[in-house]
Amino acid sequence: MRIVPGLFIGQHQGGGKAEQIFIRGFDCDHGTDISLNVDGMPINMVSHAHGQGYADAHFIIPETIEAIDFKKGSYYAEKGNFNTAGFVDFKTANSIDQNLVKLEGGMFNSKRIVGLFNLLNDTQKAKQQSWYVASEYNYSDSYFDNPQHFNRFNFFTKYYGKISNQSFLTLSAGTLQSRWDASGQIPERAVDQGIIGFYGAIDPTEGGKTTRTNLNAQILTTLENGDLFKNQFYYSNYSFDLHTNFTFYLNDPINGDQIRQKEDRNLLGYNSSYNHISYFGKVKITSDFGATARMDFTNNSELSNTIDRYTVVKPIKLGTISETNLGVFASETFKFNEKWSANLGLRFDQFFNKYNNKLATDETLNGTGVYNAQANKLSPKFSVYYHATKNTQFYFSSGRGFHSNDTRAVVVTNGKEILPASTGFDLGTVFKPFSNLILHFATWYLNMEQEFVYSGDGGIVEITGQTKRLGLDLSVRYEPIRSLYFDTDINYAHGRYVNEIKGQDYIPLAPIWSATGGITYKSTNGFNGGLRYRFLSDRPAIEDYSLTAKGYLIADAVFNYTKKKYEIGFRVNNILNTQWKETQFATETRLKNEPTSVTEICFTPGTKRMALLSLTYYFK
């Protein structure tokens, strides 16, 4: 994800939990305001046990990724739920050039083994048939005082082949198994008072486990007139079981406040699109039409208070969720001449939400039974592009997007605030003053009807009010010589609540200044590598800015020696050995035997300096 310009990620409960995502002035939590997909299949989970939009991408094996498509803003008719700040689409390779085995190991008892293997020979490849398998095993105790015992296994296979003169079939399948212990978030005073160290834990029994198995089938057909018709069916079976403790002894001074968030899910989906090119006089018109369907079914989505993971002290929520999202879209792109082009898009989404409450003591509902809600959203889009010269382009984009709320919340309000919209625009330019230098500058605005914020990761999404954001993005790409590459992305965002008084209107944890970049040296047969940095400025942790989430500057390095048959790699994370807080929250907590609670910064420490050595062997 760090490849995406302007996107930040942070971990706050060990390597098995989905990352915290920051982009365009949003703390997206684990995916509330960014749409993440792989091979057309959604990564975001709706009405998730841990939080809305939860996007755990750890089932992707990085070596299988061929391309990443990303765009900021909500200007794309084919994108629906969670596409407010932007989207990221990962695409796995249809075929691999050669087999590989990679061994990696290093500090904190970290080890990883990866394998990619072709299953068809060159003769079959010449007939446009490809099939490969990939697998990954990952283990690490990590840098915390409380060992993580992080353990993850991935398997993935993909077939791509021509099944007729006009059609190609893609079939893929994969599975993830992951479990870990965690140190969780810790309060600053516990470190300052010497109760624990900077990398310590208040509740060392936190941790979790998760699985995801995916099946994905796509057919691409080229009709005789050149039109393209795509059909996709996908299915995921998913489980999640997480134990966390954010407030320690605030609510239960005897047993503590550890919570369990658990679910089992089946996810089914269908995507289709039709592409047609026509002409009206000299105007080229590219038409895209499509339909999407997504159905999520969870069994016994649970929120409970527990002790040491295993003993349930108090059930808080228990029920079965059914959520269906049906969508249709149309997009028309007009190329008037070599200088001017425009796009008009329109999307319609319909949601059906059902919750079968199985817990009579659930205080948000009037007893057990089935609760229903539904809503829909119409999202228009518009963009215009002006190519002033072959090296200079200006563009303006505007449109509406939306993010959905958790089914357990919307049935309480009978569907109100289920699909709050985002409305925004981008005004920008792409300028290439020299053949080896590209500059991209954009100013943008985004208004959210309702901001969604996790409430202490307690299974509830708070609706906190209308917000507005205004920002600037600058990207620079410079290649002074063929093998040397410089890049930097600098982002600024000014965000505020609309209906709050000045000074009380800050958006907690919303990033203000951020920057990423580095220098990369690459040769085709020999030494290559690079230095990377990421910077995040101080930002408000609470609405009145009385608490500050401290920023950081982190640098990483990668060095490789690459030959035709092998590659030796050396990677160092946090080369300056900076002591930093990777994720931070303003949280009210009480430690054991404390007479009163304290609201302060609770944080997960970022990685210490960490070195890893790898060896990759390539073969046919």
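I began with His-58, which is buried, with a relative accessible area of 11%. I call a residue buried under 20% relative accessible area, exposed over 50% and partly exposed in between (1.4 Å probe, protein chains only).

**Ground rules**

I am reading a predicted model, where local features need pLDDT of at least 70 and side-chain atom pairs count only at pLDDT 80 or more, while totals for chains, interfaces and linings use all residues. Residues are numbered from 1 along each chain as its sequence is written, and side-chain values use heavy atoms, with hydrogens and water left out.

**Entry: His-58**

I placed His-58 in the loop between strand 7 (54-55) and strand 8 (65-72). Strands here are DSSP runs of E, at least two residues long, numbered from the N terminus. Next I checked its polar contacts. The His-58 side chain makes one with the side chain of Glu-19, at 2.8 Å. It makes another with the side chain of Asp-56, at 2.9 Å. A polar contact is a pair of N or O atoms within 3.5 Å; within protein, one must be able to donate a hydrogen and the other to accept it, and residues adjacent in sequence count only if both atoms are side-chain atoms.

Which residues is His-58 in contact with, leaving aside its neighbours within four places in sequence? I found Gln-11, Gly-15, Gly-16, Lys-17, Ala-18, Glu-19, Arg-152, Asn-154 and Leu-176. Contact means heavy atoms within 4.5 Å.

Glu-136 forms a salt bridge with Arg-152, the closest N and O atoms being 3.9 Å apart. Glu-136 lies in strand 12 (residues 129-140) and Arg-152 in strand 13 (residues 150-162), so the pair ties together parts that are 16 residues apart in sequence. The term needs a side-chain nitrogen of Lys or Arg within 4 Å of a carboxyl oxygen of Asp or Glu. Glu-136 counts as buried at 3% relative accessibility. Arg-152 counts as buried too, at 10%. Both residues belong to a network of salt bridges that links Glu-63, Lys-102, Arg-112, Glu-136 and Arg-152.

How many salt bridges does the structure hold? The structure holds 30. I looked up Glu-104 and Arg-571, whose side chains meet in a salt bridge at 3.2 Å, N to O. This pair links distant parts of the chain: Glu-104 sits in strand 10 (residues 99-106), Arg-571 in strand 35, and they are 467 residues apart. Is Glu-104 buried or exposed? At 14% relative accessibility, Glu-104 counts as buried. Arg-571 counts as partly exposed, at 28%.

I then took Asp-241 and Arg-260, which meet through their side chains in a salt bridge at 2.8 Å, N to O. Asp-241 lies in strand 17 and Arg-260 in strand 18 (residues 259-280), so this pair ties together parts that are 19 residues apart in sequence. Asp-241 counts as buried at 9% relative accessibility. Arg-260 is buried, with a relative accessible area of 17%.

**Entry: nonpolar cores**

In soluble globular proteins, nonpolar side chains tend to be buried together. I looked for such groups here. A nonpolar core is a set of buried Ala, Val, Leu, Ile, Met, Phe, Trp, Tyr and Cys residues joined through side-chain atoms within 4.5 Å. The largest has 37 residues, and Met-1, Leu-7, Ile-21, Ile-34, Leu-36 and Ile-43 touch the most other members. Which strand gives the largest share of this core? Strand 17 does, with four residues. Apart from it lies another core, of 17 residues, among them Phe-248, Tyr-249, Leu-547 and Leu-591.

I went back to Met-1. Not counting residues up to four places away in sequence, Met-1 touches Leu-7, Ile-9, Ile-21, Leu-36, Ala-57 and Phe-90.

**Entry: Phe-603**

I found Phe-603 in strand 37 (residues 598-605). Phe-603 counts as buried, at 1% relative accessibility. Beyond four places away in sequence, the residues it touches include Gly-184, Ile-186, Val-191, Phe-198 and Lys-581.

**Entry: Leu-613**

My last stop was Leu-613, in strand 38. At 51% relative accessibility, Leu-613 counts as exposed.
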